[in-house]
Amino acid sequence: MALIVAHNIKKHYRMGEVTVHALRGVDFTLYDGELVVVLGHSGSGKSTLVNIVGGMDQASAGELYFQETPLHNAGEAGLTVYRRNEVGFIFQFYNLMPNLTAYENVHLSVQIAANPLDIDTLLDQVGLSDRKEHFPSQLSGGEQQRVAIARALAKNPRLLLCDEPTGSLDLPTGKQILKLLRDFCSQYNKAVVVITHNTNISYMADRVIYLKDGLVEGIKENTEPLPPEKVSW
Amino acid sequence: MLWKKMFRDIWSNRGSYLACLLLVVLGLMVFTSFSIASDNLSLSQQDFYREENFADGFAELTAMPYRDVEALADIEGLDQVSGRVTREVRVLRPEGDLGIYLELVSLELDDPERLNDARLLEGRELKKGESEVWIDNQFYNVHGLEIGYQLEVIAGERARELTVEGHAMSPEFTYPLRTEAEIYPNPEQYGIAFVSRDTMWNLFPDLQGRVNDLAFTLEEGAEFEEVKDHLKPELEPYGLINLYPREDQVSHLILSEEVAQLQRMSSALPLMFLSIAALILYIMLKRLVEQQRGQIGILKAFGYSKKEIMIHYLAYALTVGFTGGLLGGLIGIYLANPLTWLLLEFFHVPEMYEGFSLYYLVLGVFISLGIFLVAGYQGCKYALRLKPAEAMRPPAPVSGRKTILEKIWLFAEMLTIQGKMAVRNLARNRSRTAFLFLGMTLSCAVVVVTWSLNDLVDKLVFHRFEEVEVYHARVNLAEPLSRKKVEGELLDHAEVIQAESLAEVPVKLSHAWREENVMLLGISQGSYMYIIRDAAGNRVELPEQGIILSERLADKLDVVPGSLLELESLYLRDNEDYLTVEVSRVVPQYLGMNAYMELSALEDILNQGEFATAVMVNVDQGGDNLGQASKSNDNAAIDYNIAELRERYLESDLVAGVDGTEEKIREARKLMETFGSAIYLFVLVGVITAFAIIYSSSFIILSERSRELASMKVLGMTSGEVFSVITFEQWVISFFAVLAGIPLAQMMMEAFSRELSTDLYTVPADLSTQALLMGAAITAVSIWIAQRFALRKVRKLDLVQVLKTRE
């Protein structure tokens with residue numbers, strides 16, 4: 001069964017004095033255990049699409065299903081439950097709570113999860129066992145992003161959505177992050193979606209959705225995805 | 001985790017939260033301490049009245065046979081009636097102090113259920129007919145008396161000795177004032193003494209077998225006015241002077257008013273503090289939520305519900321509300337006893353301390369929580385409506401346009417880049433500008449109002465003695481006498497150079513359903529000793545006909561110049577129920593609540609012939625009769641001559657006493673020293689409030705602008721240059737805020753005046769120039785000090801960290 005089914009998703013919103021038509025009718029499907037990259041230039045609608053799939057925003061038109069549960073007409077309470085139980089987010093700028101330590105940031109996620117993973121194990125997996133009592137201001141960019149990943153994974157979500165996760169990182173650190181994402185996908189059979197404008201990252205994906213001007217330009221399957229260590233930009 | 005986040009957020013902005021907390025503590029401290037003190041006083045009052053059988057009504061007569069008193073109890077509606085003998089006597093002290101008086105009041109020793117009983121605090125029971133007294137507790141303590149002391153008094157034109165056999169207090173004299181003109185008890189010069197009825201008859205043979213005072217209680221359900229209609233005709237043959245209910249009894253009136261005022265202040269003042277604190281917190285929370293938009297988005301993204309996020313941000317408000325409420329309540333409980341003690345200095349009621357009041361503590365905390373719940377909800381509700389994706393997007397940038405002011409070429413040329421930034425920020429961030437403006441306006445208004453309380457003392461006391469009643473002394477007569485004869489006699493004395501009569505008539509004035517019992521003063525046309533003044537301080541001439549009312553009296557009767565009043569008085573000779581008089585003018589009066597009439601016109605309507613109840617005199621200020629006194633010292637000469645005058649009438653039964661104005665001013669100054677420290681406390685509270693508002697608003701704004709300021713520092717500007725953007729904004733706002741503070745202060749002062757004014761004194765609502773200047777000055781100083789603290793923060797800005805953080 002498909003995890004996510006999106007049909008003719010449209011989205012427009014006002015930003016100050018301007019109306020933006022971010023999505024103009026997008027169709028796609030997501031499955032468990034696959035790593036999908038949504039590729040597009042700046043302004044193509046990638047972030048908007050991921051926000052809608054993640055229940056952070058609602059489409060102006062179209063249908064969206066999580067398994068067979070409709071999300072397009074879910075109320076705020078329904079979307080909150082969906083995000084709480086099924087979705088994990090990772091952002092370009094980490095968005096950690098500045099006055100909570102690494103451990104506490106992950107715990108923030110754990111305390112609302114029905115079936116969370118162990119915090120110490122996760123922090124160990126992301127290589128931050130000895131940094132768990134540090135605040136974000138005491139961590140490097142890469143370390144902060146690894147905390148963010150641990151925080152997202154701690155909820156044990158079915159779907160992990162990553163918005164430009166390596167956008168603020170250098171190459172070696174970025175590759176580390178991508179490896180973590182790939183490992184999570186394979187190890188736990190979870191769906192991972194990475195949105196990026198960086199074509200090189202798309203080589204590691206199982207599928208690539210090309211987005212342009214709010215529409216899906218094409219969907220390509222990588223028969224032999226590149227290991228993250230070999231990705232380069 | 002969210003609790004940890006909250007505590008750490010509060011700690012990082014602790015200055016602002018502390019300022020808010022301080023206001024809450026102040027508010028709840030006042031609420032708790034005043035409420036408990038009010039309860040203490042009220043409970044004591046009720047208990048005292050019940051235990052000592054305080055009467056429901058009183059009558060003053062010339063004289064009535066004692067045997068006729070009992071029959072009055074048959075009148076419908078009357079329960080118990082007690083006949084008493086009361087007389088004022090002069091006390092002779094070894095130190096030779098003149099002007100000390102005791103009101104002797106007889107007690108019915110045979111009646112265990114006697115009305116208006118005195119509660120013996122120390123001593124033994126009085127024996128019938130013996131020359132022994134109980135003295136009121138305050139007088140006893142102030143004069144250092146002891147049981148067994150021989151008190152010498154002038155009674156029945158003879159010096160008599162009375163043995164002090166105890167000290168006591170009575171519900172009838174909880175606030176003993178010698179005359180209507182006094183505003184506070186003066187135990188150094190006036191007290192109450194309780195004696196047996198037989199002893200009174202021994203002291204005053206002219207009243208043998210008779211009484212001149214009645215106290216009575218009403219049957220359940222009976223109304224005083226109805227009983228009065230039956231009682232009055234029975235008493236008139238005995239020379240009825242005054243007949244009034246408990247509500248008009250001076251001590252009861254003042255004590256009850258004090259209790260009521262404490263209750264009013266226990267809600268009005270805390271409400272003011274809590275409202276200001278809630279406003280600050282509302283703004284802080286609103287700004288916090290806007291700053292933490294992204295964090296809210298993350299929490300929502302992770303599946304935190306709106307309710308959970310709302311509870312998190314409400315916790316900021318409730319933490320301040322709860323902590324402040326608890327601390328303020330506990331401090332208030334601690335202060336309640338000293339406050340009660342201070343009240344007992346003035347009110348002669350048994351001590352009653354409630355001790356720890358869980359009720360007010362809990363109530364105070366709940367009130368604080370309730371207010372902060374509302375403020376907190378209002379502060380955070382907007383951002384919580386945002387969808388997660390929208391919350392995580394930065395807000396749309398404000399539009400980039402020049403302001404209208406900058407289009408004025410001259411103005412634009414005058415501004416530096418920092419100045420242009422400041423002006424544009426003010427115009428674009430309207431809510432931030434409004435917040436700062438409102439905070440500064442409030443600060444200024446609070447200081448102006450509290451500083452005006454300083455002027456209050458002058459207005460209440462010194463205005464009366466230095467602008468209205470401008471005479472050296474007042475000779476009070478024991479009963480109305482021919483004014484021509486009295487003036488003539490006084491002017492015959494060498495020390496008296498001017499004399500002018502005054503008639504004080506107790507009247508009831510009615511208009512529609514409103515009525516007031518007041519003292520109507522008859523003053524000569526063109527008087528140079530009692531000068532009625534208007535609000536501007538100009539002399540007001542008494543009309544040939546008609547009546548002048550004080551502002552408070554006119555307000556209570558709901559009349560204006562031209563209105564007609566019904567005047568009733570027991571002094572009306574012609575057996576009329578009432579007369580109609582026209583209100584000719586309304587004037588301010590800060591002490592007391594009187595009506596005024598031209599003396600001859602008053603005599604005409606009463607038809608009692610010419611009379612005076614007091615004579616105002618001016619004495620020689622430095623003539624030949626000084627003896628040892630220095631001729632150049634006016635005050636010493638005046639005091640000397642007043643003492644001479646007093647000595648002349650020491651043993652006279654017709655003269656109740658001679659009161660020197662300068663003595664009264666000195667007493668007033670002494671009393672105001674006590675109040676003075678309380679007023680300075682108010683001013684300090686006003687200044688703290690002002691500073692708290694400005695400080696917290698400065699820091700909120702600083703935390704929002706840290707990125708912008710850091711960017712400017714990176715460019716190479718000094719901290720001072722960078723900070724000048726903010727300081728320019730603040731000074732521009734403060735200029736307009738101070739202007740707006742004036743009408744706000746006026747409104748607040750008028751509210752204070754309404755709440756605090758009583759029949760005893762009227763709090764003036766006008767603001768002095770000095771208070772306005774102090775308001776502006778203290779607001780400016782508070783801004784300057786807050787800016788010094790903020791500048792320190794600017795200097796310490798971690799440029800790298802701030803600029804790394806995504807906006």
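Throughout, a contact means heavy atoms within 4.5 Å. The model is a predicted one, in which local features need pLDDT of at least 70 and side-chain atom pairs count only at pLDDT 80 or more, whereas totals for chains, interfaces and linings use all residues. Side-chain values use heavy atoms, with hydrogens and water left out, residues are numbered from 1 along each chain as its sequence is written, and chains are lettered from A and ligands numbered from 1 in the order in which they are written.

**Exercise 1. Arg246(B)**

Locate Arg246(B) in chain B, decide whether it is buried or exposed, and list what it touches.

Solution. Begin with the secondary structure, where helices (H or I, at least four residues) and strands (E, at least two) are DSSP runs numbered from the N terminus. Arg246(B) falls in the loop that runs between strand 11 (240–245) and helix 7 (250–291) of chain B. Next take the accessibility, for which buried means under 20% relative accessible area, exposed over 50%, and partly exposed in between (1.4 Å probe, protein chains only). Arg246(B) counts as buried because its relative accessibility is 19%. Then, not counting residues up to four places away in sequence, the contacts of Arg246(B) are Tyr49(B), Phe54(B), Ala55(B), Asp56(B), Gly57(B), Phe58(B) and His252(B). Finally, a polar atom of the Arg246(B) side chain lies 3.1 Å from the backbone oxygen of Phe54(B).

**Exercise 2. Lys11(A)**

Which backbone oxygen lies 2.9 Å from a polar atom of the side chain of Lys11(A), and what surrounds this residue?

Solution. Lys11(A) sits in strand 1 (residues 4–15) of chain A, and it counts as buried because its relative accessibility is 10%. Leaving aside neighbours within four places in sequence, Lys11(A) is in contact with Val20(A), His21(A), Ala22(A), Leu23(A), Thr48(A), Ile52(A), Asp57(A), Gln58(A), Ala59(A) and Ser60(A). The backbone oxygen asked for belongs to Gln58(A).

**Exercise 3. Positive phi**

Find where Asp213(A) and Asn607(B) lie, and state the phi of each.

Solution. As background, most residues other than glycine have a negative phi. Asp213(A), in the loop between strand 9 (207–212) and strand 10 (215–221) of chain A, has a positive phi near 50°. Asn607(B), in the loop between helix 17 (599–606) and strand 19 (612–619) of chain B, has a positive phi of about 60°. Asn607(B) is classed as partly exposed because its relative accessible area is 35%.

**Exercise 4. Helix 8 of chain B**

How many of the nine residues of helix 8 (residues 293–301) of chain B are buried?

Solution. Eight of the nine are buried, and the helix is thus mostly covered. The buried residues are Arg293(B), Gln295(B), Ile296(B), Gly297(B), Ile298(B), Leu299(B), Lys300(B) and Ala301(B). Just after this helix, Gly303(B) takes a positive phi of about 105°.

**Exercise 5. Nonpolar cores**

Which residues touch the most other members of the largest nonpolar core, and which element gives the most to it?

Solution. A nonpolar core is a set of buried Ala, Val, Leu, Ile, Met, Phe, Trp, Tyr and Cys residues joined through side-chain atoms within 4.5 Å. The largest core has 150 residues, of which Ile4(A), Phe28(A), Leu159(A), Val193(A) and Phe372(B) touch the most other members. Helix 2 (residues 14–51) of chain B gives the most to this core, with 18 residues. Apart from this core lies another, of 42 residues, among them Val133(B), Ala193(B), Leu207(B) and Leu240(B). Returning to Phe372(B), its contacts, not counting residues up to four places away in sequence, include Cys20(B), Val24(B), Leu274(B), Leu281(B) and Val320(B).

**Exercise 6. Chain B as a whole**

What share of the residues in chain B is buried?

Solution. Of the 807 residues in chain B, 56% are buried, and the chain holds 23 helices and 20 strands. Among contacts in chain B between residues at least 6 apart in sequence, 80% join residues at least 24 apart.

Technical notes: Polar contact = N/O pair within 3.5 Å; in protein donor to acceptor, adjacent residues only side chain to side chain.
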